[in-house]
Amino acid sequence: MRRRNLADLEPGALDERRVLVRVDYNVPLTSDGAVADPTRIRATLPTLRFILERGGRPVLLSHLGRPKGKVVPSLSLAPVAPVLAGELGVPVRFVPSTDTEQALEASRDLRNGEVLLLENTRFLPGETANDPALAERFARLGDLFVNDAFGSTHRAHASVVGVTGYLRPAVAGFLVQRELEALSDLRQARRGPFVVILGGAKIADKIGLLEVFLARADALLIGGAMANTFLSATGVGMGRSLVEEDSVTLAAKFLATGGNRLHLPVDLVVADPGAANADQSMIVPVDAVPAELAALDIGPETRDDFGTIVREAATVFWNGPMGLFETPGFETGTVALARATADCTAAGGFTVIGGGDSASAIRKAGLSEAVSHVSTGGGASLEYLAEGTLPGIEALDPAEGSEA
Ligand code: ADP
Ligand code: MG
C-alpha cells in the first residue's frame, strides 16, 4: 500500500504547526565527540527545508548508538545541533531530554524559522520496548508526525511506530519517500537482465535477500566472505578464511536451487589473515587456497567475469563488499565492481547500492554519484527488499486512493 508523504498534505497543514520529525542522526562520532560524517544529517535537509518554508516548526527525535535505555553522555545528540544549524542555516535549539516538561515547553516556545533537537531517544528504556506511555509522551511534542528516519524504519520502536498511535497525520518525509521509490522499483525489477551482487560477511543476516533474489535475478554474483561459505559448501578447503560454518548447509541448498544463475568466484586473493598485508598476498584458483592463508578479495579473473555481467545488466542491486575493502590492497575487487556498476549506470542501467559497508565502499571509490541510488538504510533497505514493507511504513497514513 502506498503511504502519504509530506507533499500530499493539504496547503497550510504545516503553518505554525509543531512538526514532530523522526530522523536518523545515528552519525559516527570522533574520539573527542564531534560529528565525523554529516551524511545522515544532510540526507534530511530536503524534508526540513520543506517544513520550514511552509511555516512549520520541526521538533526532531533521533537515536544515536546503543545506550540501552540509560543516559550515556558520550552518545548525546548535542554535537549534532551546531552541525545541523550550519547545514540548514537556521537556529537549532537543543534540549537534553525528550519526554520531559522541559522538552514539551521548548516545543511550544518554538518560533517559525527555528528547529528543536531533542536528546537521544534510546536513553529511555521505553523506546526500543515500544512502550505506549512513552509513545504518547512523544506524541505531545508535535501536532503531526513525519517519519524521515529510513535507517530506523525496520524497528518497531516508540519514536518510529508507537508514536503514530497517538499522533495524526503521520506521513513519510522525502528521504523515506525517495528510498521507498528506488527500492520498490528494484524489488519489481521490470527491466532485465537483473543482476544482484551479494558479498560482505553474514549469510545468516541475508537469507531473506538470497531467497528473494534467487527467485528473481537473472544472475546472482557472490563475493566477499559470503563466497567463502558457498565455496566451502562445494567441498573445497578455504584455509583460514572467514567461513560461516552454521550456514554451509544452507549455502549448499542455495547452490542446488540456483543452478547456473548463481556465480561464485573462480579465483581469490589470499594472504595471512593476521597480517592482512597486500604485499605478501597471492592469487590462487578457488580450489587451491593454502591451509595457512585466508581469502580476502576476489581475484582478477572473477573481477573481469563479474564486471562483464554487471556492464551488460539493465538493473543492478549490490549489497556487501567483495573483500576486506577497509584494508589497502584488498579493495581491488570491490572497486572494480563499483566501476562496472557506474559504467552500467552511464549506459542507462538502474543501479542501487544497499548496506552500510557497501555504501561506505562506494563512497571510498568516489562513485556515489555515478550510480542511480545509494540507500542510507543498512538493515532497513535489506529488510524492505526481502519483505516488501517495514513496520514504520505500515504505521503511516495510507495515500489517498491506495488499496489496503
Ligand atoms: P553491508 O554493511 O554493506 O551490508 P556487511 O556488513 O555484510 O556489508 O559486510 C561488510 C564486511 O565484510 C566488511 O567489514 C568487509 O571487510 C567484510 N568482508 C568482506 N569480504 C571479506 C573476506 N573475504 N574476509 C573477511 N571479511 C570480509
Ligand atoms: Mg555492515
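Let's start at the ligand. A polar backbone atom of Gly-356 sits 3.4 Å from an oxygen atom of ligand 1. That is a polar contact, meaning a pair of N or O atoms within 3.5 Å. The protein covers 84% of the 580 Å² of accessible area that ligand 1 has on its own. Accessible areas here come from the Shrake-Rupley method with a 1.4 Å probe.

A word on the source. This is a predicted model, where local features need pLDDT of at least 70 and side-chain atom pairs count only at pLDDT 80 or more, while totals for chains, interfaces and linings use all residues. Residues are numbered from 1 along each chain as its sequence is written, ligands are numbered from 1 in the order in which they are written, and side-chain values use heavy atoms, without hydrogens and water.

Back to the ligand. Which residues come nearest? Of the 19 around ligand 1, they are Lys-206, Asn-319, Glu-326, Asp-357 and Ser-358. Being around it takes a heavy atom within 4 Å. Lys-206 places a polar side-chain atom 2.6 Å from an oxygen atom of the ligand. For Asn-319, an N or O atom in the side chain is 3.0 Å from a ligand oxygen.

Next, the domains. There are two: domain 1 (6–176) and domain 2 (189–386). The bounds come from an automatic or database domain assignment. Their C-alpha centres lie 35 Å apart. Eight residues from each domain make the contact, which is defined as heavy atoms within 4.5 Å.

Now the cores. A nonpolar core is a set of buried Ala, Val, Leu, Ile, Met, Phe, Trp, Tyr and Cys residues joined through side-chain atoms within 4.5 Å. Buried means under 20% relative accessible area. The largest core has 67 residues, and Leu-141, Phe-213 and Phe-317 are among those with the most contacts inside it. A second, separate core has 32 residues, including Leu-75 and Val-80.

Note on methods:
Buried < 20%, exposed > 50% of the residue type's maximum accessible area, 1.4 Å probe, protein only. Polar contact = N/O pair within 3.5 Å; in protein donor to acceptor, adjacent residues only side chain to side chain.
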